[in-house]
Amino acid sequence: MSTTAQSKTLIPEKIYDMLLNSKTADKVTVHFKDGRSSTGALIFNPFKGTGRLIDIEKETSLDFTIEDVRNLRFSKA
């Protein structure tokens, strides 16, 4: 009998729904499938399934697709 750790990866449909409802969050932390994570303001294009995470403090931005995302965390100010 083998045991495997359960992944905390959300299904793409759930990620899509969360991104659509992210308008009320001041900051979003995006955890990517490759192990990276980044926090900032979120812009999401539901027609293309792409987004941009903007870190105003660091003056950087990061483009991503839904397929890149493992999990999302929302926070208010």
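Biologist: Which residue forms a salt bridge with Asp63, and how far apart are the closest N and O atoms?
Modeller: Asp63 forms a salt bridge with Arg52, and their closest N and O atoms are 2.6 Å apart. The pair links distant parts of the chain, with Asp63 in strand 4 and Arg52 in strand 3, 11 residues apart. A salt bridge here is a side-chain nitrogen of Lys or Arg within 4 Å of a carboxyl oxygen of Asp or Glu. Strands (E, at least two residues) and helices (H or I, at least four) are DSSP runs, numbered from the N terminus.

Biologist: Before we go on, what kind of model is this?
Modeller: This is a predicted model, in which local features need pLDDT of at least 70 and side-chain atom pairs count only at pLDDT 80 or more, while totals for chains, interfaces and linings use all residues. Residues are numbered from 1 along each chain as its sequence is written, and side-chain values use heavy atoms, with hydrogens and water left out.

Biologist: Back to those charges: why would such side chains pair?
Modeller: Side chains of opposite charge can pair when their charged atoms come close.

Biologist: How many salt bridges does the structure hold?
Modeller: The structure holds three salt bridges. One of them joins Lys27 and Glu57, whose closest N and O atoms are 3.9 Å apart. Lys27 lies in strand 1 and Glu57 in the loop between strand 3 (50-55) and strand 4, so this pair ties together parts that are 30 residues apart in sequence. Asp34 forms a salt bridge with Arg36, with the closest N and O atoms 2.8 Å apart.

Biologist: And is Glu57 buried or exposed?
Modeller: Glu57 is exposed, with a relative accessible area of 69%, whereas Lys27, at 39% relative accessibility, counts as partly exposed. For these words, buried means under 20% relative accessible area, exposed means over 50%, and partly exposed lies in between, using a 1.4 Å probe and protein chains only. Asp34 is exposed as well, at 54%, and Arg36 counts as partly exposed at 41%.

Biologist: New topic, then: how many aromatic pairs turn up?
Modeller: A search of the whole structure finds two aromatic pairs. The rings of Tyr16 and Phe44 have their centres 5.7 Å apart and their planes at 75 degrees, so this pair is edge-to-face. Rings of Phe, Tyr and Trp (its six-membered ring) pair if their centres lie within 6.5 Å, and planes under 30 degrees apart count as stacked, over 60 as edge-to-face and the rest as tilted. Tyr16 lies in helix 1 (residues 12-20) and Phe44 in strand 2 (residues 37-45), so the pair ties together parts that are 28 residues apart in sequence. Tyr16 counts as partly exposed at 27% relative accessibility, while Phe44 counts as buried at 16%.
Modeller: Phe32 and Phe64 form an aromatic pair that is also edge-to-face, with 6.0 Å from centre to centre and 65 degrees between the planes. This pair links distant parts of the chain, since Phe32 is in strand 1 (residues 27-32) and Phe64 in strand 4, 32 residues apart. Both Phe32 and Phe64 are buried.

Biologist: You keep naming strands, so what order do they have in the sheet?
Modeller: The open sheet of five strands has the order 4-3-2-1-5, with antiparallel pairing. Strand 4 and strand 5 are the edge strands, and each pairs on one side only; two strands pair if DSSP finds at least two bridges between them. Strand 1 and strand 2 run antiparallel and are joined by four bridges, and Val28 stands opposite Gly40 in strand 2.

Biologist: Which strands does helix 1 touch?
Modeller: Helix 1 packs on the sheet and touches strand 2, strand 4 and strand 5, where contact means heavy atoms within 4.5 Å.

Biologist: Last one: what does Asn71 contact, beyond its neighbours within four places in sequence?
Modeller: Leaving those neighbours aside, Asn71 is in contact with Lys8, Leu10, Thr29, Val30 and His31. Asn71 is found in strand 5 and counts as buried, at 10% relative accessibility.

Definitions and conventions
Axes fitted to C-alpha atoms, helices over the stretch in contact; angles between N-to-C directions.
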